[in-house]
Number of protein chains: 2
Amino acid sequence: MNKNKKALTILMRTRMRPLSPATNKINQMQFPSMDGKNKVSSSQGASTSAHTDFKRVRESMHSAISMNKTEILDAALADFSEGYFDLSCENRRVLLLTLAREYDLHRTQVRELMKQYLGLELPSGDNAVENVYEEEGSFSAFYRIERNLRHSLKPVYEVLFERLNTHPGGLRFLSIMRADILSFLAEENIASLRALDSFLKEKLITWLSPANLQLHNITWDDPASLLEKIVAYEAVHPISNLLDLKRRLGVGRRCFGYLHPAIPGEPLIFIEVALMKHIAQTIQEVLWDDPPIPECEATCALFYSISSTQPGLSGINLGKFLIKRVIDVVRKDMPTILTFATLSPIPGYMQWLLSKLATVDRSGPTFSENLLKPDEESALLDAAEEFTSGKNGMEVMWNLLSSTSHEWVNSEKLPLALRTPLMRLCARYLFQEKKRGKALDSVGNFHLQNGAMIGRINWMADRSEKGLQQSAGIMVNYIYVVDHIEENAQLYFSKGQIQASDEVRSYLEPQENCREETKD
Amino acid sequence: MNKNKKALTILMRTRMRPLSPATNKINQMQFPSMDGKNKVSSSQGASTSAHTDFKRVRESMHSAISMNKTEILDAALADFSEGYFDLSCENRRVLLLTLAREYDLHRTQVRELMKQYLGLELPSGDNAVENVYEEEGSFSAFYRIERNLRHSLKPVYEVLFERLNTHPGGLRFLSIMRADILSFLAEENIASLRALDSFLKEKLITWLSPANLQLHNITWDDPASLLEKIVAYEAVHPISNLLDLKRRLGVGRRCFGYLHPAIPGEPLIFIEVALMKHIAQTIQEVLWDDPPIPECEATCALFYSISSTQPGLSGINLGKFLIKRVIDVVRKDMPTILTFATLSPIPGYMQWLLSKLATVDRSGPTFSENLLKPDEESALLDAAEEFTSGKNGMEVMWNLLSSTSHEWVNSEKLPLALRTPLMRLCARYLFQEKKRGKALDSVGNFHLQNGAMIGRINWMADRSEKGLQQSAGIMVNYIYVVDHIEENAQLYFSKGQIQASDEVRSYLEPQENCREETKD
């Protein structure tokens, strides 16, 4: 109790708000900076001092790559990572380009080895085992050059990554550095920087292998410094106050995080779970309706939020392992729980639907494919009379949904009129709309590749500003059927096949259930 | 107290003896085996059943490499690792050879990529940065093929290693598998197996990076299952009974181990430390003289034993990081401790000395180089009269030292007569005798590469059977001078330079201090 009280006091002093989209920048600022060396780059002498800074960081980077003495090396690594945080955005970009280009691999050496290798005579490869055994000796040269090639194909900058990884705070630094690389790549696709990113990503995947991660059941007894991270990084349903947080960690709720020993006290990713009698249809039931049911009556574990804390780990699917581990843990702890499901947002639905409804250019929206059925259209035109006009149902729908005030929600008739087409089109969006063989919706793609199926779509499940804007308030339950997780993942991975319940399929025309793309 | 009592009871039931040299085999047997599937290979139908076993394990190995569905994959990995333990030594050898040869890389694919690569025109490499920037686009093809080559240069068996690493118990299994590979390589140097080993070793180095290891202060409060490992693996000074163990974990003593999260409850390596007023000269003072001094009076941390528990991690220097970490921890905890030293065995001294004294063949020993000074020789001949005869001091010395009964130790005069030449030659052995630029003595090489210096050699420091046989009872203090660790390691690494105290140097002729090799 005492411990909790203290945690409370500390938390009260912190801002109970999620970080802005500039999370990344804020992270960087939080990194310890030595004896106030931060230069204020907006001051008069900024450009000279920024230049000196850059040179200094560039030099410490070089030392960190080329030095051999560990003690001085530690200093160089510390200098480099601290100096990096002081750099302006543009200087960081130049530094990373320098790293990518000047600490690349030695191509002449690689070519030399390749020529040697191609000069070797290849023992006929697909021989029976006996033959291969006899030829053992002739392989030695292959093994030797292959080994040398593996080494010389590694860019010089690998040394920096490796050294940072074993340097205190280095793994976190690398993750922040990668977040920067990704943001620079989003501005401009530069081949050398792309190669740097892809190499760093592979390294991070190795270092963050599930074998190195610890599953932690986050509770109200955890240090405030850790709970503060949960508040800051909760990306799906922002935590509004202390009571909200306490509830999410209390009876009938679970929160699990993956921690890496090199980044203590800060989960890389965490998932929030509600223990329920039935699969919740609205986020209201999970977040605000009380009281929670006694845990012994729960039959369903509902994953209602999963958030990763490190933008620099983008593309590294830690969530997949986390969900699998959590299912294992919950099954073992609570044998009465038989259903594992999510209550997930559909972040791309409205964007897709609006673009389907109309192509917008300077002259305004143009409406093409008719997405509405005749009875849907007439019901909509009736209900919308007092709000907006348009030459047809599509235009009316576009006007209603693209309005940021979401007035339609509070109308008497409109929700009723919109429900049928919006649910039907949502099923289509989730089940059929793809990009390169993967579900178009990012959250959908995440759960489907992890082996879930689409279980149910729920009308007016999230009435928050964000929920209305993303998906007209609709949410979806993905279901993890324990015995089919691997099979589903495999079918999705190899054939792009999405599994969905009969209920979801029933929104679609019979023929739509078999086709990949549909035209109305 | 209660906890300790329980630990005691459990420990009492276990055998309080270090494992035999067959440690490796015993480990393997301890690995959980499923529902008694172990086949008794000495029975009548042994060879058929062994053949079936082999086929089964071979198949599970193939599945473990080629399967994609995680759930079945886990089963395949479990089948494979359990099946492996059931195999006879010879079948393991064949299986590992199969893995090395049939799951090697795809050489035709590698060659194809190389030809493509060599066909690319290399932009002039050492250009100024500006030029390189302009040529950015032309590098894309290089990056792409380099990336593909990095992947295709990885043997197919990497998949098995990676998958085992993330499989529960897999890392430990890989370490045991490597121990097997090493023992097969010791029998016969096979190129493909050597390549397998070298690849696996690099993987293990990555996975066992210090960033993934946890330093644990092992105390009497630790679980008996962990303490049992300390007893079993203590390789330097066997733990003789419970009191001995308790003392090594009690006041004035420390024991630190490195643990990996995937191998819980079993340190990969551990070090035993005694807190003392002065650097101990004999192991007696550390192990048996009591009582220990109050910790606040200690000024010296003496590392008197370092043992690694996994033969499969041979060649992976975890000790270096462990010693550095322990020095850091002790310095922080106990600022009065200013000296960090070892009391180390000299495992190769007698073997070297005997081979120097005489070349032994069928006709008996032949004595060549005279290692004794005239006064040493006459003193020795005097003292040895009643024990042994020989045509000169060298022969007498050889006879005395090669006797497994070590009678000379109990004589009145002999220890006195032998002390001068044995100490002098020991200093020479440690300071000057090298192999490929590294200290000939393995323990010496270990501490010198970690940055220690030779501080002092101690007469009659270890009178145990093992101590007399290895080094005529002499032990050495290596000193870690905190400010010079990196410098020493660097000098040793780059130039083979060994640092030694004036005291050690004083045993040698003035000119011997500068020369690398000496002749008398």
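The two copies meet through the same surface, because 98% of the interface residues of chain B are also interface residues in chain A. The structure is a predicted model, in which local features need pLDDT of at least 70 and side-chain atom pairs count only at pLDDT 80 or more, whereas totals for chains, interfaces and linings use all residues. Residues are numbered from 1 along each chain as its sequence is written, and chains are lettered from A in the order in which they are written.

In this interface, 45 residues of chain B are in contact with 45 residues of chain A (contact: C-beta atoms, placed from the backbone, within 7 Å). Several helices (DSSP runs of H or I, at least four residues, numbered from the N terminus) each supply at least two residues of the side of chain B that touches chain A, among them helix 4 (70–86) and helix 22 (485–495) of chain B. Helix 8 of chain B gives the most to this side, with 10 residues. By class, the side of chain B that touches chain A has 20 nonpolar, 15 polar and 10 charged residues, where Ala, Val, Leu, Ile, Met, Phe, Trp, Tyr, Cys and Pro count as nonpolar, Asp, Glu, Lys and Arg as charged, and the others, Gly among them, as polar.

Chain B can be laid on chain A with an RMSD of 0.1 Å by a turn of 180° and a shift of 0.1 Å along the axis, the superposition being made by least squares on the C-alpha atoms of residues with pLDDT of at least 70 in both. The two copies are thus related as by a two-fold rotation axis.
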